[in-house]
Amino acid sequence: MKKIISIFLFLSLVIGVMHAQNIFPEKFDNCKIEAFGLESKITSARISNEDLLTSLLKGHSLFKIEGILMMQIYVDKDGTACLISADNKTNIPTKEFNLSKVIETTKWTGNMKPVCAIVHITFKNGKAEVRRLGMDNNLGVHEITDKRNPLYDLPQNTKNKNPSNNPQVMKVEKTNSTWKLYTFDNSMLPYNLCRSAETDSKGNVWIGTDRGIVKIDGEKWTVFDADNSGLESNQNGHTVTWDLAVDNGDRIWTETMSKIKVYDGQNWSIIDSTNSPIKRSGKIKVQDNTVWITGFNGFYEFADGKWNEYTVSNSGLVSNTTRGVYRDKSGNIWVATDKGISFFDGKNWKTYTSKNSKMPADGGRMVTGDKQGNIWIGVSTGKHDNIGGVVKITPDNKWIVYTMKNSKLPNPTVSDIKFEGENDQIAWICTGKYLVRLEKNDWEIYDSSNSFIPDNYVSTIAFDREGNKWIATYNGVIWMNR
């Protein structure tokens with residue numbers, strides 16, 4: 001099933017304050033609510049898509065409805081439902097749908113205790129696609145079904161006992177490339193959900209997963225988790241690593257348990273609010289001799305043993321929700337935030353948005369640059385509307401924008417961009433459930449139909465010494481020599 005990546009950012013913010021009952025902006029007050037939780041890995045309150053749509057479409061033609069409807073539905077232990085909140089982005093007003101009354105007429109089954117179901121419906125071209133979202137401590141917000149998924153359902157204390165690797169292999173004649181897929185079942189990978197991939201100066205590959213960190217030294221794989229390292233486990237006993245980076249001294253920086261852990265090859269150290277200005281950490285990026293840490297409290301710069309903190313209150317940063325930082329060849333700093341791209345030339349700040357520039361959306365997902373001096377930015381609205389894409393700013397300030405409408409970009413939500421070639425002429429773009437290779441105007445799109453790229457999410461890509469690609473995904477690690 002498809003991942004609803006563009007919704008994840010929105011929901012991950014509101015889920016963080018779930019004690020506030022209403023998730024969506026339209027609120028309904030007719031629910032008599034007991035204590036409840038969000039569904040997690042599998043739907044516990046069940047209703048067929050047909051029954052739900054039949055109730056919803058009474059008096060309406062499916063061919064005349066366009067847009068997206070999201071609903072937060074409370075279902076008690078007897079299967080009685082009521083609508084808590086909604087976000088209606090269709091062409092039919094909420095009153096005409098009579099949403100609250102419609103949901104009260106539906107009958108749900110399968111739940112043993114009160115639960116909150118998140119329903120996402122896309123109406124397009126006379127069709128309706130219904131999806132359910134759940135919240136898990138390790139996975140964040142993700143799509144769920146009424147069938148168990150082996151990716152999410154490993155027993156809590158399961159350890160990978162494979163003594164060696166026997167990955168799936170695929171050869172693609174068209175590009176004369178070989179693909180290998182490493183998973184929990186066929187390799188020493190501790191978990192299939194992988195968020196990061198980096199290489200160090202010695203040629204080692206480092207993979208961050210939701211069950212620890214893997215160091216790959218040729219055929220030798222070493223797994224670091226809470227049992228054998230300075231990493232910690234969460235309340236479920238899982239060593240979750242949200243991000244990972246390698247600095248110029250080959251130290252491994254990882255974000256775990258709201259702390260930054262640093263591994264120098266022998267010892268582990270902790271960076272948190274007691275020895276740094278970091279209040280809440282997020283993504284980590286290393287550029288030259290600088291470590292950047294983004295998150296929900298601005299961003300932090302660590303260089304030459306000193307910390308600098310940038311927030312809305314002490315700088316011209318447009319938002320404290322930051323997702324990426326890059327320093328260009330002139331020393332200017334570019335910051336991807338949820339409200340635009342903030343630019344700092346050392347003296348003055350400026351923010352680029354969809355209103356004052358060619359950016360197709362305001363939500364910055366990442367920012368980086370290539371050897372040619374181009375700035376590459378991934379932006380999206382944070383909604384499931386396919387608006388967003390990649391912005392390329394040339395050294396002479398020409399803006400080239402790639403969207404789903406004007407290019408072959410298959411998804412607007414970009415998680416990473418890396419470059420290869422003597423002059424970085426080839427861009428590899430991780431976007432949704434696709435991996436894209438872009439060289440000049442030649443687009444190669446890899447997905448589950450022509451590669452091992454899974455049908456959920458591509459996190460990042462890294463290159464080893466031989467130019468082989470290591471791709472971290474939500475369904476394993478992929479090696480590829482294209």
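Residues are numbered from 1 along each chain as its sequence is written, and side-chain values use heavy atoms, with hydrogens and water left out. Because the model is predicted, local features need pLDDT of at least 70 and side-chain atom pairs count only at pLDDT 80 or more, while totals for chains, interfaces and linings use all residues.

Begin with strand β3, residues 67–75. Helices (H or I, at least four residues) and strands (E, at least two) are DSSP runs, numbered from the N terminus. Of the 9 residues in β3, 9 are buried. Buried means under 20% relative accessible area, exposed over 50%, and partly exposed in between, with a 1.4 Å probe and protein chains only. G67, L69, M71, I73 and V75 point one way from the strand, and I68, M70, Q72 and Y74 point the other way.

Which strands pair with β3? One is β4 (residues 81–90), which is antiparallel to β3 and joined to it over 9 bridges. Two strands count as paired if DSSP finds at least two bridges between them. Y74 has C82 of β4 as its bridge partner. The two strands form a hairpin with 5 residues between them, and G79 in the turn has a positive phi of about 90°. The other is β5 (residues 115–124), also antiparallel to β3 over 9 bridges; here V75 stands opposite V115.

Leaving out residues up to four places away in sequence, I73 touches A81, C82, L83, I103, W108, V115, C116, A117 and V119. Contact means heavy atoms within 4.5 Å.

Elsewhere, 5 strands form an open antiparallel sheet in the order β8-β9-β36-β35-β34. β8 (168–172) and β34 (458–463) each have a single partner strand, so one side of each is left without a neighbour in the sheet. The twist averages 20° from one strand to the next. Axes for such angles are lines fitted to C-alpha atoms, for helices over the stretch in contact, and angles run from 0 to 180 degrees between N-to-C directions. β8 is joined to β9 (residues 177–182) by 5 bridges, and M170 stands opposite W179.

Another open sheet has 4 strands in the order β22-β23-β24-β25, with antiparallel pairing. Its edges are β22 (322–327) and β25 (349–352). Within it, 5 bridges join β23 (residues 333–337) to β24 (residues 340–344), and A336 has I341 as its bridge partner.

Two threonines remain. T94 lies in helix α3 (residues 94–97) and is buried, with a relative accessible area of 15%. Beyond its neighbours within four places in sequence, T94 is in contact with E26, F28, N88 and L99. T413 lies in the loop between β29 (399–402) and β30 (414–420). Is T413 buried or exposed? T413 counts as buried because its relative accessibility is 2%.
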